[in-house]
Amino acid sequence: MGGGDRLNTTGALEKKLKKYFNYDSFRKGQREIIEDVLQGKDVLGILPTGSGKSICYQLPALLLPGTVIVVSPLIALMMDQVKQLKAKHFKQVIALNSFLTPIERQQIYQRLHQYRLVYVSPELLQQEQFVFYLKKMNISLFVIDEAHCISQWGHEFRPDYMKLKETIQIIHNPPVLALSATATPMVQQDIMKSLNKPEMNKHIYPIDRKNLIFSIRKVNEHEEKLASIIHLLTIYKLPTLIYFSSRNTAEWMAQTLAYEIPELRVAFYHGGMEPMDRVAIQQQFMNDQLQVICCTSAFGMGIDKSNIRLIIHYHLPTQIESFVQEAGRAGRDGKTSLSILLYSDKDFFIPKQIIQNELPSIEIIQNAFRVLYTLQKESNIFSLTEEQIEQLFQINEIQWRFMHAQFEKHDIIRDNKIIYDKGKWKEAYQQIVDNIQERTRMKESKLHEMLRWIHEENCLREALYQPFQSTFTKPEDYCCSNCGFTVEQWKPDIQTSHHNQPTSWQEKLQQLFLIGDENEAK
DNA sequence: CGGTACAATGATAGATGTCGCCTTTGGCCATGGATCC
């Protein structure tokens, strides 16, 4: 491609950007990624939150012939994006999910090629019927949004994330764009490996946030945590998230706080709640009708509230990546915000247990092979209900998902049939066991990394970002509790965070037109 | 003892009735979209 062509392309890019998204210029990273994408290269993009990642595929969707497929981890995220695009008069876009009736779904499948942008879950990509239609289409780009989910969820919790590489093959190898706001070099490697794309063009930008203050407070008893939280919430009436590793504790804290601080508007949020309730709580928090949410890790992805000022960790996550994500939900507007982790030595046990429960034990694997062998002798058809599986294999649903994915991977179960081969089974058993041991070791070392950070004596900021990138920006004023910061000296900017502050007419108009946050975050 | 999602299915309680039925004022039946496991 000659220089002249390049210039024309660039001009066209900006024109489209203005026309469809009403931005005058690109933000850092966007142009570089889009140019690579338009040239058909495979791209891995790590851009900080609020930097307009979605433009990186939405704009190419308008320019490229054919359809762009976007793999998204949450239905709510897909719906949100589609809503925003439709408000911008980008109509050839759809989110496919279980909210559609089977009839609607059929109709959409048949005219799928008419859409420029199609959002799907990784699970849907395993539906044969859906892939049947995809195969016949011209797919110009295959996007994985929130690509760290491959690494974070794909190995056990949502194994369909690990099958994306097969889908990419089946739909005739379109260019791939993987995007995330949080990925250590290790996670980047994992993403590229699981997509079977070792040669992706990397566009990595720093993700450190200089407006966040990091603070760790060590306590002896849980009562001290409660006292600390009550103290903090009495001083600071700010949009706040408190993270827990257990649903019960989150509920208990919400109730206790409501009792202890009567004027506080507080709620709890976790994955075990009704979908309707979850949406309601989230909305009330967004609209500043709720000030504090006691939540598990279920609360976060897709929460686009710019003025969260305080993140408290009552429990510690199993890895630094999760902590950075959760703490990073504060101060999206760039204003100084505070992350406080409350730690007692006993807390080590919870993440340790969670890690242990994620994968089946060796005994369970042995038993599973025995059970499968017995079943296979009677009939090679594998059809059991969930209850039967839990009974026979002594396993929970999540562990079974992992096992089932492993059995399919090693060709022990195929199309609900058990295929017996002594040699193959023996080898598969060894590989599965090795895999589990390796994964568990890795998780434990990640937990230790988290604990090492908690016990760090030098700058917390430096130690926190060190696994992610080589450099970071040191703030002028407050840095962390190891660099002389104490909670008492913090004077947050109350102006923008107080719920009674009237929003400007521009903001109201923006909300009305569902234009989203992309203009505000600087 | 502890956490994350999606899709697809079957059971269930509650609303509806392009003039539902029968009769007088609600009770009963078939139907098929939400909701809960």
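Strand β6 is mostly covered, with five of its five residues buried. This is a predicted model, so please read everything below as a description of that model. Burial reaches both faces of β6: Val176, Ala178 and Ser180 lie buried on one side, and Leu177 and Leu179 lie buried on the other.

Let us look at the strands beside it. Strand β1 (residues 43-46) pairs with β6 in the parallel sense, over four bridges. In this pairing Gly45 stands opposite Leu179 in β6. β5 and β6 also pair in the parallel sense, here over three bridges, and Val143 stands opposite Leu177 in β6.

Where does β6 sit in the order of the sheet? The sheet is open and has seven strands, in the order β3-β4-β2-β5-β6-β1-β7, with parallel pairing. β3 (93-95) and β7 (201-204) stand at the edges; each has a single partner strand, so one side of each is left without a neighbour in the sheet. On average, neighbouring strands of this sheet are turned by 15 degrees against each other, direction ignored.

Further along the order, strand β2 (residues 67-71) pairs with strand β5 (residues 139-144) in the parallel sense, over five bridges. Ile69 has Phe142 as its bridge partner in β5.

Now for the charged side chains. Side chains of opposite charge can pair when their charged atoms come close. The count for this model comes to 23 salt bridges. Here are some of them, with their N to O distances.

| Glu14 | Arg31 | 2.5 Å |

The side chains of Arg31 and Glu14 meet in a salt bridge. This pair links distant parts of the chain, with Arg31 in helix α2 (residues 30-38) and Glu14 in helix α1 (residues 3-21), 17 residues apart. Are these two residues buried, exposed or partly exposed? Arg31 is partly exposed, with a relative accessible area of 21%, and Glu14 counts as partly exposed at 26% relative accessibility.

Asp42 lies in the loop between α2 and β1, and Lys197 lies in the loop between α9 (185-194) and β7, so the pair ties together parts that are 155 residues apart in sequence. Lys197 counts as buried, at 14% relative accessibility.

Because Asp347 lies in the loop between β13 (337-343) and α14 (349-358) and Lys225 lies in helix α10 (residues 222-235), the pair ties together parts that are 122 residues apart in sequence. Asp347 counts as buried at 1% relative accessibility, and Lys225 is buried with a relative accessible area of 0%.

Which residues are linked in a network of salt bridges? They are Glu156, Glu358, Arg439 and Lys443.

How values were computed
Residues are numbered from 1 along each chain as its sequence is written. Chains are lettered from A and ligands numbered from 1 in the order in which they are written. This is a predicted model: local features need pLDDT of at least 70, side-chain atom pairs count only at pLDDT 80 or more; totals for chains, interfaces and linings use all residues. Side-chain values use heavy atoms; hydrogens and water are left out. Two strands pair if DSSP finds at least two bridges between them. Helices (H or I, at least four residues) and strands (E, at least two) are DSSP runs, numbered from the N terminus. Axes are lines fitted to C-alpha atoms, for helices over the stretch in contact, and angles run from 0 to 180 degrees between N-to-C directions. Buried means under 20% relative accessible area, exposed over 50%, partly exposed in between (1.4 Å probe, protein chains only). A salt bridge is a side-chain nitrogen of Lys or Arg within 4 Å of a carboxyl oxygen of Asp or Glu.
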